[in-house]
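Biologist: I would like to learn how to read helix packing and a few local features in a model. Could you take me through them one at a time?

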Amino acid sequence: MSDGDLLLRFLVMLPLLIVSLAAHELAHGYIADRLGDSTPRDEGRLTLNPIAHMDLWGTIVLVVTFLGSGGSFFFGWAKPIPVVSQHFRSPQRGMMLVGAAGPAANICLALMCAGLVWLTFSWSVFIAQALALAFLLNVVLATLNLLPIPPLDGSRVLGGLLPPSLYASWSALDRYGNLAFIIILLVLVTAPGVFDATIGAVMRWSFVLLPGGGG
């Protein structure tokens, strides 16, 4: 891939990814708000405006990893939605539902994009390719966030299934969230095989939803 092609792909990918991240965070905030925690609303996070959800360092890492890998890999994040679990009737169940909402939003977006690819691929290759990229981005976001590693969303889902006696200890692992992000990033960058065997495998399986993916 030439530098020009890589830059074009990045310019197409970036707004799609930012919107997908915004939808992910909005879903967290919406469910928290519905369950009785007004913190996301009070903080102005119940919006699809990407600026409200962008994280400076998460965006920088995204640019560096995408361009540095030649477009074969990316890693980044948005600002976490502020949630006060004590406002929920059941903090454990509430955090599980809030955690599941983000990946669920990305899965819904992925399915919507897959449907739109089928509708557009016969008359506009560029639009179909952009939608296919949006599909893959949301597959990656859903898969990555469902990993049961604190503070990823999968840890909230797993925490909701644990006995109450273990929940406090599991939730306390969130304090190591920054370290977990660094470790995940290092593993994915230094050991591409790990990415290929996990998130990459899910991406390949998901191709069956796109035109020509089943053949």
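Biologist: Which hand does the crossing of α4 and α5 have?

Modeller: A crossing is left-handed if the near helix is turned anticlockwise from the far one by less than a right angle, and right-handed if clockwise. Here α4 and α5 make a left-handed crossing. Helices (H or I, at least four residues) and strands (E, at least two) are DSSP runs, numbered from the N terminus. This is a predicted model, in which local features need pLDDT of at least 70 and side-chain atom pairs count only at pLDDT 80 or more, while totals for chains, interfaces and linings use all residues. Residues are numbered from 1 along each chain as its sequence is written, and side-chain values use heavy atoms, with hydrogens and water left out.

Biologist: At what angle do α4 and α5 pack?

Modeller: Axes are lines fitted to C-alpha atoms, for helices over the stretch in contact, and angles run from 0 to 180 degrees between N-to-C directions. For α4 and α5 the angle is about 160°, and their axes are 8 Å apart. Angles under 35 degrees count as roughly parallel, over 145 as roughly antiparallel, 65 to 115 as roughly perpendicular and the rest as oblique. α4 is therefore roughly antiparallel to α5.

Biologist: Which residues in α4 and α5 meet?

Modeller: Contact means heavy atoms within 4.5 Å. On the α4 side the residues include Pro103, Ile107, Leu109 and Val117, and they meet a set in α5 that includes Leu131, Phe135, Val139 and Leu141. For classes, Ala, Val, Leu, Ile, Met, Phe, Trp, Tyr, Cys and Pro count as nonpolar, Asp, Glu, Lys and Arg as charged, and the others, Gly among them, as polar. This contact of α4 with α5 has 17 nonpolar, 4 polar and no charged residues.

Biologist: How do α4 and α6 cross?

Modeller: Helix α4 (residues 91–120) and helix α6 (residues 153–161) cross at roughly 145°, and their axes come within 8 Å. The crossing of α4 and α6 is left-handed. Among the residues in contact are Met95, Met96 and Pro103 of α4 and Asp153, Arg156 and Val157 of α6. By class, the contact of α4 with α6 has 6 nonpolar, 5 polar and 2 charged residues.

Biologist: And what is the angle between α5 and α10?

Modeller: Helix α5 (residues 125–145) packs on helix α10 (residues 199–206) at about 135°, with axes 10 Å apart. The two are therefore oblique to each other. α5 passes α10 in a right-handed crossing. Their contact divides into 8 nonpolar, 2 polar and no charged residues.

Biologist: How many aromatic pairs are there?

Modeller: A pair of aromatic rings is described by the distance of the centres and the angle of the planes. Rings of Phe, Tyr and Trp (its six-membered ring) pair if their centres lie within 6.5 Å; planes under 30 degrees apart count as stacked, over 60 as edge-to-face and the rest as tilted. The count here is 1 aromatic pair. Trp118 and Phe121 form an edge-to-face pair, 6.0 Å centre to centre with 90° between the planes.

Biologist: Is Phe66 buried or exposed?

Modeller: Buried means under 20% relative accessible area, exposed over 50%, partly exposed in between (1.4 Å probe, protein chains only). Phe66, in helix α3 (residues 56–68), is buried at 1% relative accessibility.

Biologist: Where is Pro151 found?

Modeller: Pro151 lies in the loop between α5 and α6, and the peptide bond from Pro150 to Pro151 is cis, with omega near 5°. Pro151 is partly exposed at 22% relative accessibility.
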